Amino acid sequence: MLSGRRLDLLDPSPLDIEIEDIAHGLARVARWNGQTIGQHAFSVAQHSCVVEEIAAHIKPDLEPKWRLAALLHDASEYVIGDMISPFKSALGVNYKDFEARLEGAIHLRFGLPPKTPVAIKTLIKKADRACAFFEATQLAGFTRPESLGLFGVPPAGYDLTIAPLSAPLAQQRYLERYRVLAEAVGLVPATDAWDTE
């Protein structure tokens, strides 16, 4: 990792995981394998920020730790990339176990339980699918009926206009959101102690 950490992918340690590495990697991983319109790819970092926002829209009283879980829901992709769901399924259970071990280490690093409770996982998946609906219709060339068929109806009262950010800006926004949530759950000191440059 750019931080100098060495992460053993087969046996990941929470001690080798840094939020700066996650933000850097996710800001450079393109959703839809980059097959989207616009000057910039829609990054997993930006997607993760939107999913966290949608999860909080669906459940306004969502605790900060679960909002953090929503922000980190794709964090493992900072080292393994973003694979479409059908391909993950084709790889089978070994891939899912591998991804679950990495996700568990990430969660432990940031004070979350290694396994997300089912109700929270369901909420995050709903927010993830809502974000995918907007991505598909605005960036990936899907019609509204196609997107509705694949991802379902987005949450009532929530609308989104996507403007893909450059990788450095997506990275900065991801880190900013992490810091707000980490402060809310007591993982980091007050915001004025952070240097965002």
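Predicted model: local features only at pLDDT ≥ 70, side-chain atom pairs only at ≥ 80, totals over all residues.
N33 is found in the loop between α1 and α2, where helices (H or I, at least four residues) and strands (E, at least two) are DSSP runs numbered from the N terminus. Its phi is near 50 degrees, a positive value in a residue other than glycine, and at 52% relative accessibility N33 counts as exposed, given that buried means under 20% relative accessible area, exposed over 50% and partly exposed in between, with a 1.4 Å probe and protein chains only. Residues are numbered from 1 along each chain as its sequence is written, and side-chain values use heavy atoms, with hydrogens and water left out.

W32 also has its place in the loop between α1 and α2, and W32 has a positive phi of about 60 degrees although it is not a glycine. With a relative accessible area of 21%, W32 is partly exposed.

Let me step back to the whole chain for a moment. Its secondary structure comes to nine helices and zero strands, and buried residues make up 45% of its 197 residues. If contact is taken as heavy atoms within 4.5 Å, then residues 24 or more positions apart account for 65% of the contacts with a separation of 6 or more.

Now to the aromatic rings. Rings of Phe, Tyr and Trp (for Trp, its six-membered ring) pair if their centres lie within 6.5 Å, and planes under 30 degrees apart count as stacked, over 60 as edge-to-face and the rest as tilted. How many aromatic pairs does the structure hold? The structure holds five. One of them is formed by W32 and F151, edge-to-face, at 6.3 Å centre to centre and with 85 degrees between the planes. Because W32 lies in the loop between α1 and α2 and F151 in helix α8 (residues 144-151), this pair ties together parts that are 119 residues apart in sequence. F151, for its part, counts as buried, at 18% relative accessibility. Another edge-to-face pair is that of F133 and F134, at 5.3 Å centre to centre and with 80 degrees between the planes, and both of these residues are buried. Ring pairs also link W32, F142 and F151 into a cluster.

Is S147 buried or exposed? S147 is buried, with a relative accessible area of 0%. Not counting residues up to four places away in sequence, S147 touches F133, A136, T137, F142 and G152. S147 and E135, which are twelve residues apart in sequence, are 9.2 Å apart in space, C-alpha to C-alpha.

In helix α3 (residues 64-71) the buried residues are W66, L68, A69, A70 and L71, and the buried residues of α3 pack against α2, α7 (118-138) and α9.

That brings me to the second largest pocket. On a 1 Å grid over the protein atoms alone, a pocket is an open set of points where a 1.4 Å probe fits, with protein on both sides within 12 Å along at least five of seven lines, and lining residues have an atom within 4 Å of a point. The second largest pocket has a volume of about 280 Å³, where grid points are joined across faces, edges and corners and the volume is the space filled by probe spheres set on the points. Which residues lie nearest its centre? Of the 15 residues that line this pocket, Q46, C49, V50, E53 and R173 lie nearest its centre. Both α2 (44-58) and α9 (167-184) supply at least two residues of the lining, and α2 gives the most, with five residues. By class, the lining has eight nonpolar, two polar and five charged residues, where Ala, Val, Leu, Ile, Met, Phe, Trp, Tyr, Cys and Pro count as nonpolar, Asp, Glu, Lys and Arg as charged, and the others, Gly among them, as polar.

Finally, Q46 itself, which has its place in helix α2, counts as buried at 12% relative accessibility. The side chain of Q46 reaches the backbone oxygen of A163 at 3.0 Å. Leaving aside its neighbours within four places in sequence, Q46 is in contact with A163, P164 and L165.

Terms used
Polar contact = N/O pair within 3.5 Å; in protein donor to acceptor, adjacent residues only side chain to side chain.
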